[in-house]
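Here is a short briefing on the ligand sites of one structure. Please look at the model first, then read the points below.

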Amino acid sequence: MIIVMSKNASRQEIDNVEKKLTELGFKTHPIIGEIKTVIGAIGDKRMLSTQAISTMPGVESLVPIMKPFKLAGKELKHEPTIVDVGGIKIGDSEIIAIAGPCAIESQESYLETAVKVKAAGARLLRGGAFKPRSSPYSFQGLEEEGLKIMAKARELTGLKIVTEVVDTRDVEMVASYVDMIQIGARNMQNFRLLHEVGLTNKPVLLKRGLAASIEEWLMAAEYIMAAGNQNIVLCERGIRTYETSTRNTLDMSAIPVVKELSHLPIIVDPSHAAGNWKYVGALSKGAVATGADGLIIEVHEDPPNALSDGPQSLRPAKFAQLLQEIEPIALAVGRSMLIPHNM
Ligand code: PEP
Ligand code: MN
């Protein structure tokens, strides 16, 4: 429910409405506009006596929120959300490139890649410390040791770091190391995990589930937001279809659809979508042209010997070249990119 306050409602009247809603068990989300204030009331509608609210001083009208995703949707908040990751703004005019290996394998190789992706123009550094692999016999990640290596890479390069968390028990520990928490495709509907990251104040990179509809994906964002954390960046990473020539099928339509339905920023992961480094460039360019706010790309020094996702990883030089090729596309769609030009 959206409570629209009248133009001249006083601070006290707004506070009174919020207080009443809280008493009725609702979470309130006031949006103070230049002309009017609206209050989003999220909770069990059956508990709301609409008359009790609509007759309160300063209340102009009550508008139901029709979409199931109330906080992630545009009915309550229309203007785009800009997610600030330690000063890097995702969802603003700049296209943000996130890069790094699938998994952190060793300090030496990670720092080397970090320096190179930074020089190429990446704005955030990725790396997996907890790896949810399809096989229990595959490399599972360096865990906390990996997070320590990431923190060293941040110190060395100044790049902010993003990693995946796979277990509610690790959320606090992971949040203490990184600047952004990733929820992987396989955990997109792990509602306890979503709630737990919602209790932190870290920005969240929420990947789309392998077989999730856009509505299910936005409802996953809703879980995080309902717990209190509004800083979410959605990530389209390909979905399962009958097509087998790529690892997944990149759903490019998700970009304009999400822009229509939600105020949250959306980035694209062409690496996991394609599963093959050869297609990463084309998908990246398409994503930027289609309106994505950024890209997350896997980069590895020596892809044939990578412990995870080598076939889809770009070498650092290819990644640098790709960002150069993306820039004119970004400019053509009215966006900007902060990349070096003397390469
Ligand atoms: C990853 O980013 O390395 C990863 C495991 O991605 P996804 O959850 O999209 O498969
Ligand atoms: Mn990977």
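**Ligand sites**

An oxygen atom of ligand 1 lies 2.8 Å from an N or O atom in the side chain of Arg-186, and another such pair, with the side chain of Lys-207, is at 2.9 Å. The protein buries 97% of the 300 Å² that ligand 1 exposes when taken alone. The model is predicted.

**Ligand 1: setting**

- Ligand 1 sits in the largest pocket.
- The residues around ligand 1 include Arg-126, Lys-131, Glu-164, Arg-186, Lys-207 and Arg-237.
- Gln-182, Gly-184 and Ala-185 are also among the residues that surround ligand 1.
- By class, this shell has 7 charged, 3 polar and 2 nonpolar residues.
- An oxygen atom of ligand 1 is 3.4 Å from an N or O atom in the side chain of Glu-298.

**Manganese ion (ligand 2)**

- The manganese ion is coordinated by Cys-102 through SG, His-272 through NE2, Glu-298 through OE and Asp-309 through OD.
- These donors are at 2.0 to 2.3 Å.
- Along the chain, the donors follow the spacing C-x169-H-x25-E-x10-D.
- His-272 lies in helix H9 (residues 270-274) and Glu-298 in strand E14 (residues 294-298), so this pair ties together parts 26 residues apart in sequence.

Methods
Residues numbered from 1 in each chain as written. Chains lettered and ligands numbered in written order. Predicted model: local features only at pLDDT ≥ 70, side-chain atom pairs only at ≥ 80, totals over all residues. Heavy atoms only, no water. Near = heavy atom within 4 Å. Polar contact = N/O pair within 3.5 Å; in protein donor to acceptor, adjacent residues only side chain to side chain. Areas by Shrake-Rupley, 256 points an atom, 1.4 Å probe, with all protein chains shown as cover. 1 Å grid on protein atoms, 1.4 Å probe; cavity = no way out; pocket = protein on both sides within 12 Å on 5 of 7 lines; lining within 4 Å. Sits in = over half its atoms within 2 Å of the grid points. Nonpolar A, V, L, I, M, F, W, Y, C, P; charged D, E, K, R; others polar. Donors = N, O, S within 2.8 Å, 3.2 Å for Na, K, Ca; no water. Helix = DSSP H or I, 4+ residues; strand = E, 2+ residues; numbered from the N terminus.
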